[in-house]
Amino acid sequence: MKRFMPVVIAAVSCIVLNSEMIQAAEQQPKVETYSYGTKLDIAKVISVETPAKVCEAVPVHMVYEDHQGQRHVLEYRVMGTGCQIH
């Protein structure tokens, strides 16, 4: 019986961890893709990603809260920071 106890503990730990990961994923806001004319309700900007160091348009994400306190993730494209002007 003592040999099976670590297996039982590991199995229960995996089940608990899996349920916590599912719950955390459900709480994450869905990524919304910005397009011209999208109506935005931004009350507070939480974070904005830094664009990649490439010379092309790249997607970045902004996390913000609306006026009801709901958190949103907005994906939009910006020019990368890797362009060099000669």
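The structure holds one disulfide, a term used here for a pair of cysteine sulfur atoms within 2.5 Å. This is a predicted model, in which local features need pLDDT of at least 70 and side-chain atom pairs count only at pLDDT 80 or more, while totals for chains, interfaces and linings use all residues. Residues are numbered from 1 along each chain as its sequence is written, and side-chain values use heavy atoms, with hydrogens and water left out.

The disulfide is formed by C55 and C83, whose sulfur atoms lie 2.0 Å apart, and the link is right-handed, with 105 degrees about the S-S bond. Because C55 lies in the loop between β2 and β3 (57-65) and C83 in the segment after β4, the pair ties together parts that are 28 residues apart in sequence. C83 is partly exposed, at a relative accessible area of 33% (buried means under 20%, exposed over 50%, and partly exposed in between, with a 1.4 Å probe and protein chains only).

The strands named here (DSSP runs of E with at least two residues, numbered from the N terminus) belong to an open sheet of four strands in the order β1-β4-β3-β2, with mixed pairing. β1 (31-33) and β2 (44-48) stand at the edges with a single partner strand each, so one side of each is left without a neighbour in the sheet. Neighbouring strands of this sheet are turned by 35 degrees against each other on average, direction ignored, where axes are lines fitted to C-alpha atoms and angles run from 0 to 180 degrees between N-to-C directions.

Strands count as paired if DSSP finds at least two bridges between them; β1 and β4 (residues 71-79) pair in the parallel sense over three bridges. Within β4, L74 is the bridge partner of E32.
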